[in-house]
Amino acid sequence: MVSLPLRARLLDWYDTHARVLPWRVSPAARARGELADPYRVWLSEVMLQQTTVPHATAYFLKFLERWPTVEALAAAPDDEVMAAWAGLGYYARARNLLACARAVAREHGGGFPASEEGLRALPGVGAYTAAAIAAIAFDQPANVVDGNVERVVARLYTVEAPLPSAKPEITRLAAVLAEGPRPGDWAQALMDLGAMVCRPKAPLCDRCPLSPECQARAGSAPETYPRRAKKADRPRRHGAVFVLVRRGAVALVRRPPKGLLGGMLGLPTTDWRPKAWTASDAMAAAPMSADWRRVGEIEHTFTHFSLTLEIYRANGDAADEDLVWLPVERALAETPSVFGKALRLAL
């Protein structure tokens with residue numbers, strides 16, 4: 001078991017410096033026996049998987065206002081949840097969010113399982129999310145390792161292997177640290193330490209309660225940890241997108257249910273391929289006939305590739321029952337950001 005002084009110092013630091021977050025119960029309230037709402041913890045963890053705390057907080061508060069309970073979210077129409085998710089990353093997460101909410105409402109009476117094993121059985125809940133909910137919402141001993149914790153542990157023990165190959169070793173070391181009292185506070189204390197003190201650049205080592213044990217600080221090179229393997233070049237894909245406008249409305253299509261941006265409303269587009277689209281190629285692949293005019297191009301970056309989209313615009317109508325016509329402002333609000341970029345340029 002890790003020495004009590006180290007654990008006690010970090011928990012004392014957390015009691016004073018814990019971040020105030022809308023899904024969190026403060027250390028003082030937790031000491032009085034209050035536990036976090038599992039629904040709030042789960043919702044926040046899913047949102048935080050691909051974005052920052054400030055960005056996720058605004059979405060979290062809007063979701064909570066609109067769907068204050070897991071039962072309310074479970075009953076929400078898919079389209080409304082997908083539209084509200086726009087800007088939070090992979091839309092597969094939004095689909096998993098709904099599937100999980102419905103499983104909790106249908107199979108568990110609206111209550112999340114308290115164990116990691118039970119949580120892992122829910123749709124879309126992986127090892128990290130299950131550990132985070134078990135620790136933060138139920139105060140269960142769990143090894144919660146996010147990017148902040150990886151950084152703290154890699155520096156504390158000068159883990160030389162680069163990420164991502166270092167993950168098993170960091171997880172093993174974090175599991176040793178996780179043993180002890182106040183498991184929920186401990187998990188959040190490590191996260192806060194990484195976010196506020198043990199920062200990626202310019203760590204505030206003089207303010208760190210773990211600095212006496214930190215091997216990276218002793219070696220005067222904390223910023224070089226965790227080590228990272230050289231990233232491969234992100235591949236580039238190309239496509240053409242078509243903006244058909246009539247009387248202040250724009251034509252949209254429902255994307256296939258699986259795959260990137262699956263199930264979302266979006267602008268009609270060609271395939272996204274490695275080879276650039278010429279104007280003649282794009283016209284031959286256009287989903288409807290119109291007097292198309294090229295108006296420019298946009299760049300957009302996804303996690304695994306970069307995308308160049310050629311933008312074509314036309315005014316008029318189309319006899320296609322699969323098209324969904326929405327006012328421009330609604331289209332901007334209810335489509336993924338890549339299509340918002342294209343629509344703004346076209347208009």
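**Salt bridges, pockets and core**

Modeller: Start with Lys-167, which has a relative accessible area of 36% and is partly exposed. Keep in mind that this is a predicted model.

Colleague: Which residue's side chain meets Lys-167 in a salt bridge?

Modeller: The partner sits in helix α10, while Lys-167 lies in helix α11, so the pair ties together parts 17 residues apart in sequence. The N to O distance is 2.6 Å, and the partner is Glu-150.

Colleague: Is Glu-150 buried or exposed?

Modeller: Buried means under 20% relative accessible area. Glu-150 has 12%, so the class is buried.

Colleague: How many residues apart in sequence are the parts tied together by Asp-192 and Arg-19?

Modeller: The two side chains meet in a salt bridge at 2.7 Å, N to O. Asp-192 counts as buried, at 0% relative accessibility. Asp-192 belongs to helix α12 and Arg-19 to the loop between α1 and α2, so the separation in sequence is 173 residues.

Colleague: Now the pockets. Which helix gives the most residues to the lining of the largest pocket?

Modeller: That pocket holds about 860 Å³ of space. Its lining has 32 residues, with Leu-48, Tyr-128, Asp-146, Gly-147 and Asn-148 closest to the centre. Helices α3, α9, α10, α11 and α12 each supply at least two residues. The top contributor, with 5 residues, is α10.

Colleague: How many charged residues are in the lining of the second largest pocket?

Modeller: The volume here is about 270 Å³. Of the 17 lining residues, those nearest the centre include Tyr-90, His-300 and Phe-302. The lining splits into 8 nonpolar and 9 polar residues, and the charged count is none.

Colleague: And how do the 32 residues around the largest pocket divide by class?

Modeller: The lining of the largest pocket has 14 nonpolar residues. The remaining classes are 8 polar and 10 charged.

Colleague: Last, the core. Which residues touch the most other members of the largest nonpolar core?

Modeller: This core has 108 residues. Helix α9 gives the largest share, 9 residues. Phe-112 touches residues including Pro-38, Trp-42, Val-104 and Phe-138. The two with the most contacts to other members are Trp-42 and Phe-112.

Terms used. Residues are numbered from 1 along each chain as its sequence is written. This is a predicted model: local features need pLDDT of at least 70, side-chain atom pairs count only at pLDDT 80 or more; totals for chains, interfaces and linings use all residues. Side-chain values use heavy atoms; hydrogens and water are left out. A nonpolar core is a set of buried Ala, Val, Leu, Ile, Met, Phe, Trp, Tyr and Cys residues joined through side-chain atoms within 4.5 Å. Buried means under 20% relative accessible area, exposed over 50%, partly exposed in between (1.4 Å probe, protein chains only). Helices (H or I, at least four residues) and strands (E, at least two) are DSSP runs, numbered from the N terminus. Contact means heavy atoms within 4.5 Å. On a 1 Å grid over the protein atoms alone, a cavity is a set of points where a 1.4 Å probe fits but cannot get out, and a pocket is an open set with protein on both sides within 12 Å along at least five of seven lines; lining residues have an atom within 4 Å of a point. Grid points are joined across faces, edges and corners, and a volume is the space filled by probe spheres set on the points. Ala, Val, Leu, Ile, Met, Phe, Trp, Tyr, Cys and Pro count as nonpolar, Asp, Glu, Lys and Arg as charged, and the others, Gly among them, as polar. A salt bridge is a side-chain nitrogen of Lys or Arg within 4 Å of a carboxyl oxygen of Asp or Glu. Lists of a residue's contacts leave out its neighbours within four places in sequence.
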